[in-house]
Amino acid sequence: MAKLTILEFPDPRLRTRAAPVVAVDDSIRTLIDDMLETMYAAPGIGLAATQVNVHKRVLVADVSQEQDRPLAFVNPEIIERDGKTEAEEGCLSVPGIFDKLTTRSARIRVRALDRNGKPFELDADGLLAVCIQHEMDHLEGKLFVDYLSELKRTRIRKKLEKERRERGSHPAARERSNAPVI
Ligand code: NI
């Protein structure tokens with residue numbers, strides 16, 4: 001397995017719309033394993049292939065306390081959604097930034113292929129529902145900061161650019177939050 005580099009906002013490659021996976025083969029299974037390793041190391045609870053500059057419809061997640069229940073979704077689709085939830089979100093591609101979104105569905109039903117190419121459906125609520133919606137946005141080239149005001153987004157971009165310039169000399173001081181980084 002290999003740890004992959006995570007693209008960070010405002011990298012234009014994060015705006016790429018991912019293409020459907022045609023065949024779930026060994027290259028996709030290796031991608032899933034590498035994405036899980038990258039996600040656990042970050043650490044985060046979800047990662048979309050877009051974030052590691054692979055523009056295929058693959059995402060991984062693990063919302064378990066022990067971080068021992070990896071999930072992989074190939075070509076995921078939300079086939080049912082219900083209710084609304086408010087949750088604070090962070091993102092591995094927008095490090096150190098957290099904000100509350102009000103746009104997520106509370107409950108979703110997802111259809112996808114597993115790592116062996118077998119179709120499955122999953123009902124998700126709570127953190128997993130938010131996580132899957134967040135990762136599916138990544139596959140569309142969308143970031144959680146897109147739901148915030150233009151003013152906030154500009155401020156976040158400037159903050160991250162400044163941090164990147166200063167990185168190397170000393171680690172950047174980061175906002176602390178218990179919110180999930182997805
Ligand atoms: Ni994210």
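Leaving aside its neighbours within four places in sequence, which residues is Ile 108 in contact with?

The structure is a predicted model, in which local features need pLDDT of at least 70 and side-chain atom pairs count only at pLDDT 80 or more, whereas totals for chains, interfaces and linings use all residues. Residues are numbered from 1 along each chain as its sequence is written, and side-chain values use heavy atoms, with hydrogens and water left out.

**View 1**
Distant parts of the chain are linked here, with His 138 in helix α2 (residues 126-139) and Ile 182 in the segment after α3 (150-166), 44 residues apart. Helices (H or I, at least four residues) and strands (E, at least two) are DSSP runs, numbered from the N terminus. His 138 is buried, with a relative accessible area of 1%, and Ile 182 is also buried, at 0%; buried means under 20% relative accessible area, exposed over 50%, and partly exposed in between (1.4 Å probe, protein chains only).

**View 1. The aromatic pair of Phe 73 and Phe 120.**
The structure holds 1 aromatic pair. Phe 73 and Phe 120 form this tilted pair, with 5.6 Å from centre to centre and 40 degrees between the planes. Rings of Phe, Tyr and Trp (its six-membered ring) pair if their centres lie within 6.5 Å, and planes under 30 degrees apart count as stacked, over 60 as edge-to-face and the rest as tilted. Phe 73 belongs to strand β3 (residues 71-82) and Phe 120 to strand β7 (residues 119-125), so that the pair links parts of the chain 47 residues apart. Phe 73 is buried at 1% relative accessibility, whereas Phe 120 is partly exposed at 24%.

A search of the whole structure finds 19 salt bridges, each a side-chain nitrogen of Lys or Arg within 4 Å of a carboxyl oxygen of Asp or Glu. Arg 164 is partly exposed, with a relative accessible area of 29%. Arg 29 is partly exposed at 21%, while Asp 26 is exposed at 55%.

**View 2. The salt-bridge network of Arg 109, Arg 111, Glu 121 and Asp 123.**
Glu 121 and Arg 111 form a salt bridge whose closest N and O atoms are 3.1 Å apart. Glu 121 lies in strand β7 and Arg 111 in strand β6 (residues 107-113), so the pair ties together parts that are 10 residues apart in sequence. Glu 121 is partly exposed, with a relative accessible area of 36%, as is Arg 111, at 37%. Salt bridges that share partners join Arg 109, Arg 111, Glu 121 and Asp 123 into one network.

**View 3. Ile 108 and the nonpolar cores.**
Of the 19 residues in the largest nonpolar core, Phe 73, Ile 108, Ala 124 and Ile 132 touch the most other members; such a core is a set of buried Ala, Val, Leu, Ile, Met, Phe, Trp, Tyr and Cys residues joined through side-chain atoms within 4.5 Å. Two or more residues come from each of β2 (58-61), β6 and α2, and α2 gives the most, with 7 residues. Beyond its neighbours within four places in sequence, Ile 108 is in contact (heavy atoms within 4.5 Å) with Ile 78, Glu 80, Arg 81, Leu 122, Asp 123, Ala 124, Ala 129, Ile 132 and Gln 133. A second, separate core of 17 residues includes Val 24, Ile 32, Val 74 and Leu 92.
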